[in-house]
Amino acid sequence: MVNIAVLGYGVVGSGVVELIKTNYEKISSSAAQEVKVKYILDVRSFPDSPYAELFVDSFEVIENDPQVQIVVETIGGTGAAYEYTKRSILAGKSVVTSNKELVAVHGQEILELARQKNLNYLFEASVGGGIPILRPISQCLSANEIYEIYGILNGTTNYILSQMLLNGSSFEKALENAKAKGYAEADPTADIKGIDTCRKICILADLAFGSHINPDRVPTYGIENITEEDMAYAKVMGAKIKLVGRALRREEDSVVAYVAPHILPESNLLSNVEDVFNCIVVRGNAIGDAMFYGKGAGKLPTASAVVADVIDAAKHFNARKYIYWEKGSEDYLSDPLLMESRWFIRAEMGEEEAEKIFGSIQVIGEKPGAIAFTVGPVSEKVLIEKLNGRRLISCYRILD
Ligand code: HSE
C-alpha cells in the first residue's frame, strides 16, 4: 500500500481526493498497490466533509510519518508550498504537484534536491491541466531537437475570449463564470495579465531546451487591453485573437520566450481552440509538428494529471524519473524584438500616411481618423524604428 498526503484542499487538492475515491480500483491496479489518502492538510476546517477525519493542521504530522511516501502539493504559490516541498523531500518522500509558479521559479533547485535524495518531483499537471505534455516532451520526443513550442496555455483567458466572442458575454461576466468553474487562479490577475501562461511556457522551455528560464525576464502581455473592436477586425480577417505563450531555440544556443495575444488566422488550428481547452504545438527536427489538445484547467482534468504522477511515483520509488534542467546563464534568454512576423496594426492615421511609414500594407478596414491593416514580415525593432515615437491604438503579431 502507498500512503499519500494532500497539502491544500482547494479545487485541485479536493479533485485529487475525489478522483482517488471514484477510480480507486483502477488507480490501485495501475499503481500495482493500494493508493490511500492518509492525510489532508489545510488551514481551513471541513467538518462536514466525508474525509473530515483525514484533516490535519500541522505539516509536522505528515513530515514525521514514515508511512507517508508521496506528498501531493496543491497549495500553490512559492511560500508554504516551497518550504513543505523541500521538507517532504528531505524527509524521504516524493512530491507531486500542479504548482506551476513553484516549478517555474524553483523547479531546477527542487529537482536537484530530489536527485540527491533519489526521489521524484513530478509536475505533469503544472502545464496544460489534464493534457499529457511534459512526459511526451521529456520521453516520447526525446530523440528530437525541439526548436519551438507555442500554445494556448491558460484556460481562464481562453474561456473569457471565447465567451466574449461567441456568446457576447462581457469580460466581467466571463471572468465570474471562469472563477465559478474553478478555472481561475486564487488571484485571477495572474491569468488575465499572462503571468500564468508565462510560468507554463517557462516550464515547457526549461524541459525542452534544458536550461532554466527566469519567468521575471520573459516579456509578458495579457488580455486586458484586447478591445471588442480588435476582435471584430480579427473576425473580418477570418481570424481570432488568442493569448499565446511561445518559446524558440536560437542558433547561438539562446532561447526567445514571450507571452502575448496573437492574431491566429483560420489556417492555424489553434484558432479553433475554445473555452477552457488548451493546445500546445511542439516542433521537432524529426517529428515536425506535434499537437497536444485537451482541458487546460478545472478540478478533475487537473486531478487526472496529478494522480497519474502519484501512480508513476508509486511505481518508481527506487528508480528516479529523468526530469531535469540546468541552471542557465544570464545571456541564455534573448529578446523577441528581433523576431520577424506579420503584424496587425490599428493606428490613428489614413492609408497614405500608413503606407509612407510602413511601406506595403494590406488594409483591413478604415474609420474616420483611424486605419486597421496588416504589414510584414518585419521585426518589432524595425516597426518601432518606423513608428519613430508615434503611438498605435493596437498591435498584434500574426501567427500563421
Ligand atoms: N488558472 C489556470 C488556467 C489553471 O486558467 O489555465 C490551470 O493551470
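## Contacts of Ser 254

Contact here means that heavy atoms lie within 4.5 Å. In this predicted model, Ser 254 is in contact with Leu 248, Arg 249, Asp 331, Tyr 332 and Ser 334, once its neighbours within four places in sequence are left aside. With Ser 334 there is also a side-chain to side-chain polar contact of 3.4 Å.

Ser 254 belongs to the loop between strand E8 (239–249) and strand E9, the latter spanning 255–265. Its relative accessible area is 4%, which is under the 20% cut-off, and Ser 254 therefore counts as buried.

Asn 118 is not a glycine, yet its phi is positive, at about 55°. The residue is located in the loop that runs between helix H5 (100–116) and strand E6 (121–122). Because its relative accessibility is 39%, Asn 118 is classed as partly exposed.

Asp 275, likewise a non-glycine residue, has a positive phi of about 55°. Its position is in the loop between strand E9 (255–265) and strand E10 (277–284). With a relative accessible area of 28%, Asp 275 is partly exposed.

## The cis peptide bond

Gly 376 and Pro 377 are joined by a cis peptide bond, for which omega is about 10°. Pro 377 is part of strand E15, which covers residues 370–379.

Terms used:
Residues numbered from 1 in each chain as written. Predicted model: local features only at pLDDT ≥ 70, side-chain atom pairs only at ≥ 80, totals over all residues. Heavy atoms only, no water. Helix = DSSP H or I, 4+ residues; strand = E, 2+ residues; numbered from the N terminus. Buried < 20%, exposed > 50% of the residue type's maximum accessible area, 1.4 Å probe, protein only. Polar contact = N/O pair within 3.5 Å; in protein donor to acceptor, adjacent residues only side chain to side chain.
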